[in-house]
Amino acid sequence: MNNLVEGQFNPGPALSKAQFESVLTCLAQLSNKLRLTAVLLVDNSGRIMAQKSEGSHGDQNALATLAAGSYAAMRELAKRLGEKDNFKMVLHEGETHNIFISAVGKDHFLIVISGKGVAMGMVRLFTKRTIEDLGPILKQTSSESSIDQLFNDNFESLLSDELDRSLKEKE
Amino acid sequence: MFIHWALREIHLKLVYYGPGLGGKTANLKYIYSKIDPALKGDLVMLNSREDRTIFFDFLQLEVGQIDGKKPKFNLYTVPGQVHYNHTRKVVLNGVDGIVFVADSQREMMDANLDTLLDLEKQLVMQGKTLEEFPWVIQYNKRDLPSAMPIDEMEKKLNLYGVPFFEAVATGGQGVFSSLKAIIKQVVANVHSQLGQAERMRA
Ligand SMILES: Nc1nc2c(ncn2[C@@H]2O[C@H](COP(=O)(O)OP(=O)(O)OP(=O)(O)O)[C@@H](O)[C@H]2O)c(=O)[nH]1
Ligand SMILES: [Mg+2]
């Protein structure tokens with residue numbers, strides 16, 4: 001993840017355009033190989049970095065947030081049982097789908113949702129390779145854009161107007 | 001804050017914090033029930049059978065584009081009950097701003113104070129402090145007979161003079177004003193820090 005203003009105020013992580021494109025390519029390859037229902041790269045807070053899915057499966061943000069929560073809960077649980085920092089995955093085998101959540105470095109994980117027709121061994125094997133590809137991409141630093149460009153002087157007043165317009169009771 | 005340059009999205013994480021039964025979930029329920037469907041995702045609630053939050057509630061809101069950027073607000077509540085300390089820590093990770101939902105009933109003042117201290121502790125673990133962090137206070141349950149006068153609550157809880165709002169979350173009073181205020185606080189905070197960074201460079 002790139003720091004936005006090197007050595008200065010760092011408002012948090014970001015994903016550059018170039019990173020996004022590379023990540024999408026990786027996810028598409030994995031999805032094609034395993035005919036996945038969905039694959040999402042998500043950060044620790046459950047924010048979606050990139051996704052590839054077939055058809056619609058409801059609110060993807062809700063899905064990502066829940067995955068982030070269950071992953072974090074399982075990791076805490078493992079820690080309590082004395083497992084060191086090697087907690088890597090959560091697996092749910094359901095009736096129609098398998099859900100496989102797997103760490104990508106320290107700050108991200110991959111949610112892989114596959115149909116029951118695909119062997120879990122295959123899913124694990126190819127997911128592992130994808131994770132190896134994703135690691136270096138997410139570590140890239142880029143000076144592509146700076147936060148100054150994002151918040152120009154008008155931003156606060158424009159935002160304020162937009163909040164008044166959107167965030168209100170709809171009758 | 002997280003910036004997705006390719007999609008031009010700015011994500012902010014806002015957390016509703018406060019004592020158990022104070023009305024955090026009621027805030028999200030009200031927002032969800034009243035906002036334009038085009039602007040909201042699903043309301044996710046992880047509850048016990050008694051409707052107490054055991055992990056978090058989640059709701060994503062978006063507003064129209066601003067100068068070509070799409071702000072997205074990720075709203076979370078924490079479980080207020082004391083023993084859910086570890087889940088609160090997980091939910092607070094990466095928080096950008098907090099709405100502290102205080103329970104106005106006199107008998108809840110100690111719980112408000114304990115929870116505020118707990119919040120300060122959690123922030124310190126993330127290298128932040130209440131003094132510098134963006135937050136607002138919502139004095140909820142103003143409709144109840146045992147509600148304390150606002151001045152008295154202000155003296156006890158509003159240590160740093162942050163914006164505060166009187167609310168009846170179940171009926172919606174004060175809900176949207178608290179939400180807008182915390183968003184503005186967070187953005188103003190980013191701005192002022194950028195200004196500081198600039199002055200240091202100069
Ligand atoms: N009279 C009144 N009741 C309220 C108000 N806000 C919430 N309540 C009620 O208080 C109870 C608890 O509200 P919740 O929103 O579930 O509280 P919470 O803070 O999410 O509680 P935890 O999940 O345990 O942390 C519910 O029965 C609400 O209907 C209010 O402003 N006035
Ligand atoms: Mg709740």
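# Exercises on a predicted model

**Exercise 1.** Which distance, N to O, is found in the salt bridge between Lys79(A) and Glu76(A), and is each of the two residues buried, partly exposed or exposed?

*Solution.* Step 1. The side chains of Lys79(A) and Glu76(A) meet at 3.5 Å, N to O.

Step 1. Both residues belong to helix H2 of chain A, and since they are 3 residues apart there, about one helical turn separates them.

Step 2. Lys79(A) has a relative accessible area of 43% and is therefore partly exposed. Glu76(A) has 14% relative accessibility and so counts as buried.

**Exercise 2.** Decide whether Asp43(A) and Arg47(A) are buried or exposed.

*Solution.* Step 1. Asp43(A) and Arg47(A) form a salt bridge, with their closest N and O atoms 2.9 Å apart.

Step 1. The relative accessible area of Asp43(A) is 6%, so this residue is buried. Arg47(A) has 8% relative accessibility and likewise counts as buried.

Step 2. Over all chains, the structure holds 13 salt bridges.

**Exercise 3.** Determine whether helices H1 and H3 of chain A are roughly parallel or roughly antiparallel.

*Solution.* Step 1. The axes of helix H1 (residues 17–34) and helix H3 (residues 120–139) of chain A come within 10 Å and cross at roughly 170 degrees.

Step 1. Angles over 145 degrees count as roughly antiparallel. H1(A) is therefore roughly antiparallel to H3(A).

Step 2. The residues of H1(A) that make the contact include Val23(A), Cys26(A), Leu27(A) and Leu30(A). Among those of H3(A) are Phe126(A), Thr130(A), Leu134(A) and Ile137(A).

**Exercise 4.** Which residues make the nonpolar surface patch of about 320 Å², and where in chain A is Met74(A) placed?

*Solution.* Step 1. The patch is made by Met74(A), Leu77(A) and Leu81(A).

Step 1. Met74(A) is placed in helix H2 (residues 60–80) of chain A. With a relative accessible area of 36%, Met74(A) is partly exposed.

**Exercise 5.** Describe the surroundings of Gln122(B).

*Solution.* Step 1. Gln122(B) is placed in helix H3 (residues 109–125) of chain B.

Step 1. Its relative accessibility is 4%, so Gln122(B) counts as buried.

Step 2. Leaving aside residues up to four places away in sequence, Gln122(B) touches Tyr17(B), Asn85(B), Arg88(B), Lys89(B) and Leu92(B).

**Exercise 6.** How many helices and strands does chain A have, and what share of its 171 residues is buried?

*Solution.* Step 1. Chain A has 5 helices and 6 strands. From the N terminus on, the elements run β-α-β-β-α-β-β-β-α-α-α.

Step 1. Of the 171 residues in chain A, 49% are buried.

Step 2. Chain A exposes about 8700 Å², of which carbon and sulfur atoms supply 51%.

Notes. Residues are numbered from 1 along each chain as its sequence is written. Chains are lettered from A and ligands numbered from 1 in the order in which they are written. This is a predicted model: local features need pLDDT of at least 70, side-chain atom pairs count only at pLDDT 80 or more; totals for chains, interfaces and linings use all residues. Side-chain values use heavy atoms; hydrogens and water are left out. Patches are made of residues with over 30% relative accessible area and no salt bridge: like charges are joined within 9 Å, nonpolar side chains (Val, Leu, Ile, Met, Phe, Trp, Tyr) within 5 Å. Accessible areas come from the Shrake-Rupley method with a 1.4 Å probe; for residues, only the protein chains shown count as cover. A salt bridge is a side-chain nitrogen of Lys or Arg within 4 Å of a carboxyl oxygen of Asp or Glu. Helices (H or I, at least four residues) and strands (E, at least two) are DSSP runs, numbered from the N terminus. Buried means under 20% relative accessible area, exposed over 50%, partly exposed in between (1.4 Å probe, protein chains only). Axes are lines fitted to C-alpha atoms, for helices over the stretch in contact, and angles run from 0 to 180 degrees between N-to-C directions. Angles under 35 degrees count as roughly parallel, over 145 as roughly antiparallel, 65 to 115 as roughly perpendicular and the rest as oblique. Contact means heavy atoms within 4.5 Å.
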